[in-house]
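Here is a friendly tour of one chain, taken step by step. Have the structure open beside you as you read.

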Amino acid sequence: MLTIKENLKEVMTGGKPDRFVKQYEFLQMIMSVPSGRVKPVMGEEVVNEWGVTIRWPEGQIAAFPVHDAEHILLKDVTEWKEYVKAPSLVRPEGAWDQAIADVKATDRDNKYIGVFYAPGLFEMTHYLMGMENALMSFYEEPEAMHELIDYLTQYEMDYAKEMVDHLHPDAILHHDDWGSQISTFLSPAMFEEFFLESYKKIYGFYKANGVELIVHHSDSFAATLVPNMIEMGVDIWQGVMNTNNIPEMIKQYGGKITFMGGIHSGIIDHPDWSQEQIAAEVKRTCEENGKLYFIPSSCQGLPGSSFPGVYEATDVEIDKMTKKLF
Amino acid sequence: MSKIEDVKALVEAGKSKKIAAAVQEALDAGDKAQDILDAMVASMSVVGDKFSAGEIFVPEMLIAAKSMSKGVEVLKPVMAGDTSNSLGTCIMGTVAGDLHDIGKNLVVMMLESAGFDMVDLGVDVAAEKFVQAVKDNDNVVLVACSGLLTTTMPALKEAVKTVKAAFPDMKVIVGGAPVTPEYAAEIGADGYAPDAGSAAVKAKELVA
């Protein structure tokens, strides 16, 4: 039996895996990194490390940036230098100790040491100024948008250096949602103009510093951006929704990138979830997408689920499909 | 190209900085305000269709809507008091517990461009607030409810139920990522649209 890492490599290289990869099983996420992120708990509102107000409504599954007139940080992108100040990366003595200990405790034969980054460059533009402002600014103030993205890129590079220096990770799980369920937010040409070079720089830095796996999370449609993903160095696109034609993408791009997802969180991860629903969804995706260049997974951006038990129940069903199809 | 054609082209291309001057030039050249407005509505309809077809993306739609809005500003003083263009008032909001506003804002823009007077209640709107807004505003012909999260689908149902209980004949349209035509029908909505471009078409159908 292959180790978890060996099995993943077989999947990614079109070899002979002996089972399906079970969601995030290959990643040991080190979440004890002193990221400096300020996040609300449910029912709370906070001003985060960039000055963006984030609210998590009671009873909801996620937090959201608040962009009404009273709270918005950046109203006019041409004034970004006045309002956008990158948080300090200086940490007190010992701040990295827990993360270093967590790395040491990891079974590296089976797991890649994974570090986390969110929100990515595109998400940051709309966190700072609201979605409509951000999207219109790509047209109306392209120079200022390029400057702002360069500034955010530099912050990411500095943050990446800290993680590489302290933890020597094997993988990065990087979030940046680039679309809705049915479309990308930007046209592929506009996406390329504003984001390709920055991501080549960031992911290139990780690769040049020992990071083997670039896992990019975008739980959306993004099939039209796959050539860009490959060029920027993404190894695994996580969060691939089945609104993308996954079998077609596997046929077209398999060997250059692996697709992780295919299980619709909306179908399986809700308060009334059932093992039967999950079984049907996992069966469908495994049968449709096959054994190579594909990792069956929910579209959640981290191991886990919104409702307790769903993630584990999904693993059980993936095991059943392994028995059936391998 | 006639002045009115210029206006149309500028709306479609989203040239918000040039539109006011173009509308003024069209007026100065003798074009009627109503014809200019109709031309801009037609442009936005083209934009909506292209968006629904995946030929253009959200930024293109936003800048087109912004251009139309700036063009309308020039026409407003000329058309003051003329309400014959209005399709009626539409109350819109994202339902309780949901803070997503992008889709909702796009629909507001498209419906406004189509000729509705929009009352945007914002996000996290309780069911009773929709009812109150119908009472507080004149000539309300449509209520539009948006919800993006699977967890707020019950709130969508509640909103439709509450509006229909208070105003049984009021037309209600719903939309949002997890919503399907089947779900819309199940919760008693009169209409459903998968995106902002289609929402404008559906809304006009419902109040015709």
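## Overall build

Please keep in mind that this is a predicted model. In chain B, the secondary structure amounts to 9 helices and 5 strands. If you trace the chain along its sequence, the order of elements is α-α-α-α-β-α-β-α-β-α-β-α-β-α.

How does the radius of gyration of chain B agree with what a compact globule would have? For 208 residues, a compact globule would come out near 17 Å, and chain B has 17 Å, so the two agree. Along its principal axes, the C-alpha trace covers about 55 × 35 × 25 Å.

Of the 208 residues in chain B, 51% count as buried. Take the contacts in chain B between residues at least 6 apart in sequence: 73% of them join residues at least 24 apart.

The domain assignment divides chain B into domain 1, covering 3-79, and domain 2, covering 89-207.

Where the domains touch, 10 residues of domain 1 of chain B are in contact with 11 residues of domain 2 of chain B. On the domain 1 side, α3 (33-52) and α4 (58-79) of chain B each provide at least two residues. The largest share of that side comes from α3(B), with 6 residues. By class, the domain 1 side holds 7 nonpolar, 2 polar and 1 charged residues.

## Contacts with chain A

Now for the partner chain. Here 18 residues of chain B are in contact with 22 residues of chain A. Which elements of chain B give two or more residues to the side that touches chain A? They are α4 and α5 (102-114) of chain B. Of these residues, α4(B) contributes 5, the largest share of the side.

The side of chain B that touches chain A is made up of 10 nonpolar, 6 polar and 2 charged residues.

Note on methods. Residues are numbered from 1 along each chain as its sequence is written. Chains are lettered from A and ligands numbered from 1 in the order in which they are written. This is a predicted model: local features need pLDDT of at least 70, side-chain atom pairs count only at pLDDT 80 or more; totals for chains, interfaces and linings use all residues. Domain bounds come from an automatic or database domain assignment. Two residues are in contact if their C-beta atoms, placed from the backbone, lie within 7 Å. Helices (H or I, at least four residues) and strands (E, at least two) are DSSP runs, numbered from the N terminus. Ala, Val, Leu, Ile, Met, Phe, Trp, Tyr, Cys and Pro count as nonpolar, Asp, Glu, Lys and Arg as charged, and the others, Gly among them, as polar. The radius of gyration is taken over C-alpha atoms; the globule rule is 2.2 Å times the number of residues to the power 0.38. A residue is buried if 20 or more other C-beta atoms lie within 10 Å of its own, exposed if 12 or fewer, and partly exposed in between; C-beta atoms are placed from the backbone.
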